[in-house]
Amino acid sequence: MKCIWVVAFALFVGIACFNGVANGAGECGKSSPDSEAMKLAPCASAATDDSATPSSGCCAQVKKMGQNPSCLCAVMLSNTAKMSGIKPETAITIPKRCNIADRPIGYKCGGYTLP
């Protein structure tokens with residue numbers, strides 16, 4: 001009987017630790033990069049075409065998300081972004097094209113660097 005309690009306690013601790021990791025802080029806090037990617041829908045044309053001017057809605061979302069560069073990076077490289085046809089080499093230039101002064105210049109994002 002004592003053995004069962006030890007196993008049950010170990011299982012409880014394991015589950016609690018796993019939930020802490022699964023629901024804890026990732027690149028975008030408790031939200032996944034794929035769900036955060038939906039917030040950048042206004043940037044769709046600017047993320048596929050270097051010459052497209054990002055909309056004010058796009059720039060506002062990028063500025064907000066850019067406060068956490070690792071989240072912005074994860075979103076730009078997310079499965080949702082890839083499936084939407086986003087070009088990471090183009091998307092990475094949006095903060096500069098939005099003239100965001102406090103953008104994280106030089107931040108490494110996968111194989112890309114924020115200009």
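The structure is a predicted model, in which local features need pLDDT of at least 70 and side-chain atom pairs count only at pLDDT 80 or more, while totals for chains, interfaces and linings use all residues. Residues are numbered from 1 along each chain as its sequence is written, and side-chain values use heavy atoms, with hydrogens and water left out.

**Overall layout**

The protein contains seven helices and two strands, where helices (H or I, at least four residues) and strands (E, at least two) are DSSP runs numbered from the N terminus. Read from the N terminus, the order of these elements is α-α-α-α-α-α-α-β-β. Of the 115 residues, 32% count as buried, a term that here means under 20% relative accessible area, with exposed meaning over 50% and partly exposed in between (1.4 Å probe, protein chains only). The accessible surface comes to about 7100 Å², and carbon and sulfur atoms account for 64% of that surface; these areas come from the Shrake-Rupley method with a 1.4 Å probe, and for residues only the protein chains shown count as cover. Among contacts (heavy atoms within 4.5 Å) between residues at least 6 apart in sequence, 59% join residues at least 24 apart.

Helix α4, residues 69-76, is mostly covered, since six of its eight residues are buried. The buried residues are Cys 71, Leu 72, Cys 73, Ala 74, Val 75 and Met 76, and what covers them includes the helices α2 (33-37), α3 (56-65), α5 (79-83), α6 (88-91) and α7 (94-97), together with strand β1 (108-109).

The largest nonpolar core has 24 residues, and those with the most contacts inside it are Leu 40, Cys 43, Val 62, Met 65, Leu 72, Val 75 and Ile 94. Such a core is a set of buried Ala, Val, Leu, Ile, Met, Phe, Trp, Tyr and Cys residues joined through side-chain atoms within 4.5 Å. The elements that give two or more residues to this core are α3 and α4, and α4 gives the most, with five residues. Leaving aside residues up to four places away in sequence, Val 62 touches Leu 40, Cys 43, Leu 72, Ile 94, Pro 95 and Ile 100. In soluble globular proteins, nonpolar side chains tend to be buried together.

**Pro 88 in helix α6**

Pro 88 is found in helix α6 and is buried, with a relative accessible area of 18%. Not counting residues up to four places away in sequence, Pro 88 touches Met 76, Leu 77 and Tyr 112. Pro 88 and Val 75 are 13 residues apart in sequence, and their C-alpha atoms are 9.9 Å apart in space.

**Salt bridges**

The count comes to two salt bridges, each defined as a side-chain nitrogen of Lys or Arg within 4 Å of a carboxyl oxygen of Asp or Glu.

| Salt bridge | Closest N and O atoms |
|---|---|
| Glu 36 with Lys 39 | 3.0 Å |
| Lys 63 with Asp 102 | 3.3 Å |

Lys 63 lies in helix α3 and Asp 102 in the loop between α7 and β1, so this pair ties together parts that are 39 residues apart in sequence. Lys 63 counts as partly exposed at 40% relative accessibility, and Asp 102 is likewise partly exposed at 49%. In the other pair, Glu 36 counts as buried at 11% relative accessibility, whereas Lys 39 is partly exposed at 41%.
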